[in-house]
Amino acid sequence: MSPTTDEIEVKDFVVNQKNGVKGLVDFLTLTTLPSPYIQPPQERFTSDKILFGSPVPVIDVSNWNDPHLAREICHAATKLGVFQIVNHGIAPAELKGVIAAARGFFELPAEERRRYWRGTSVSETAWLTTSFNPYKERVLEWRDFLKFEYLPQRHDFAATWPSVCKEQVIDHFKKIKPITEKILNILINNLNSVVDESNKETLMGTMRMNFNYYPKCPEPSLAIGTGRHSDINTITLLLQEHGVLSSLYARATEDGDKWINVPPIAGAIAVNIGDVLQILSNDRYRSVEHCVVVNKCCSRVSIPVFCGPGC
Ligand code: OGA
Ligand code: NI
């Protein structure tokens, strides 16, 4: 089937003209979902797929040396592949600050945002794009994202980052790193191994952060924010904006199409296992599939930090 004029025009506006989905929503009064965003029925998320009654564990990490804590983390990583942590030491005001910085970036004028568009970004270590691979995908996701690469060994790695969010992003990377190390220590110790100089580079040699932005959507049931996927890296620590509708779902069972909500909780950070850790653990830990739904009434911001092998 060849693309329709609508498909070509929408994709050109969003991708080639570097407006993103945010531009589409801001410039046009959309009452229906543009056709490139209409997911095939099997990819849509419907409420009958939600599994209630087995919530994602919320783990208090105020004492990292508590053996009970290690058991809880390993159990969640094995059974579900996702859990949330609270009392991790990052102050609520700092979490709010980085969410506000992400909103600050997406509220910049379109021409400012466009300067960071992938391929022609003014920064080598930060770029804005949409969907997963907008050039290859026929059906697009209802999401724009700005990706940052953390290269603290290069003194100028953040020199060209947008000033509206630069400080908050650097600070968030710095705060997330030791928490990630502590979780990985627990998970690797449980495999009768240790995190040391010999494997640290493989486990967490790179750190990247997304500012995910999901605009409000005229027909949310036909669209998807982020389609079902597992993260290819080692482990991801995700900050969700608090006070917006529940949007993130994790696959409950391998054999059925059932999904558990990962609700936004004030002060919490969601942690999910990625493919690298599933492979390194010989399938002991589960790299959980997850997806994001969108809604009609409000936009949503989320901020994952992806730790993965060095390149
Ligand atoms: C991702 C992801 C979840 C979210 O960016 O890989 O799964 O809530 N994001 O935005
Ligand atoms: Ni993900």
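These are my notebook entries on a predicted model.

**Ground rules.** I number residues from 1 along each chain as its sequence is written, letter chains from A and number ligands from 1 in the order in which they are written. Local features need pLDDT of at least 70 in this predicted model, side-chain atom pairs count only at pLDDT 80 or more, totals for chains, interfaces and linings use all residues, and side-chain values use heavy atoms, with hydrogens and water left out.

**Entry 1, the nickel ion.** I looked up which residues hold the nickel ion (ligand 2). Its protein donors are His229 (NE2), Asp231 (OD) and His290 (NE2), lying 2.1 to 2.2 Å from it. I count as donors N, O and S atoms within 2.8 Å of the metal (3.2 Å for Na, K and Ca); water is not among the atoms, so sites may look incomplete. Along the sequence the spacing of the donor residues is H-x1-D-x58-H.

I then asked how accessible two of these residues are. For this I call a residue buried under 20% relative accessible area, exposed over 50% and partly exposed in between (1.4 Å probe, protein chains only). His229 is partly exposed, because its relative accessibility is 26%. Asp231, with a relative accessible area of 5%, is buried.

My helices (H or I, at least four residues) and strands (E, at least two) are DSSP runs, numbered from the N terminus.

Which strands are joined to S10? I found S2 (residues 82–86), running antiparallel to S10 with 4 bridges. I also found S7 (residues 235–240), again antiparallel to S10 and with 4 bridges. I take two strands as paired if DSSP finds at least two bridges between them. Phe83 has Val271 as its bridge partner in S10, and Thr236 stands opposite Asn272.

H3 (residues 67–79) has 13 residues and reaches 18 Å from its first C-alpha to its last, close to the 18 Å expected at 1.5 Å a residue. The expected span is 1.5 Å times one less than the number of residues. Leu69, Ile73, Cys74, Ala76 and Ala77 are buried in H3. Seen down the helix axis, these buried residues fall within an arc of 160°, so they line one face of H3. I take the arc from the directions from the helix axis to the C-beta atoms. The face turned away from the buried side carries the exposed residues Pro67, Arg71, His75 and Lys79.

What covers the buried residues of H3? The cover includes strand S1 (58–60), S2, helix H6 (166–189) and S10, with contact meaning heavy atoms within 4.5 Å. At the start of H3, a side-chain oxygen of Asp66 reaches to within 2.9 Å of the backbone nitrogen of His68. After H3 comes Gly81, which has a positive phi, near 85°.

I followed the cover to H6, which has 24 residues and reaches 35 Å from its first C-alpha to its last, close to the 34 Å expected. Its buried residues include Val169, His172, Phe173 and Thr180.

Glu137 lies in the loop between strand S3 (126–130) and strand S4 (144–149). Glu137 counts as buried, because its relative accessibility is 18%. Gly256 lies in the loop between strand S8 (248–251) and strand S9 (259–261), and at 23% relative accessibility Gly256 is partly exposed.

Definitions and conventions: A polar contact is a pair of N or O atoms within 3.5 Å; within protein, one must be able to donate a hydrogen and the other to accept it, and residues adjacent in sequence count only if both atoms are side-chain atoms.
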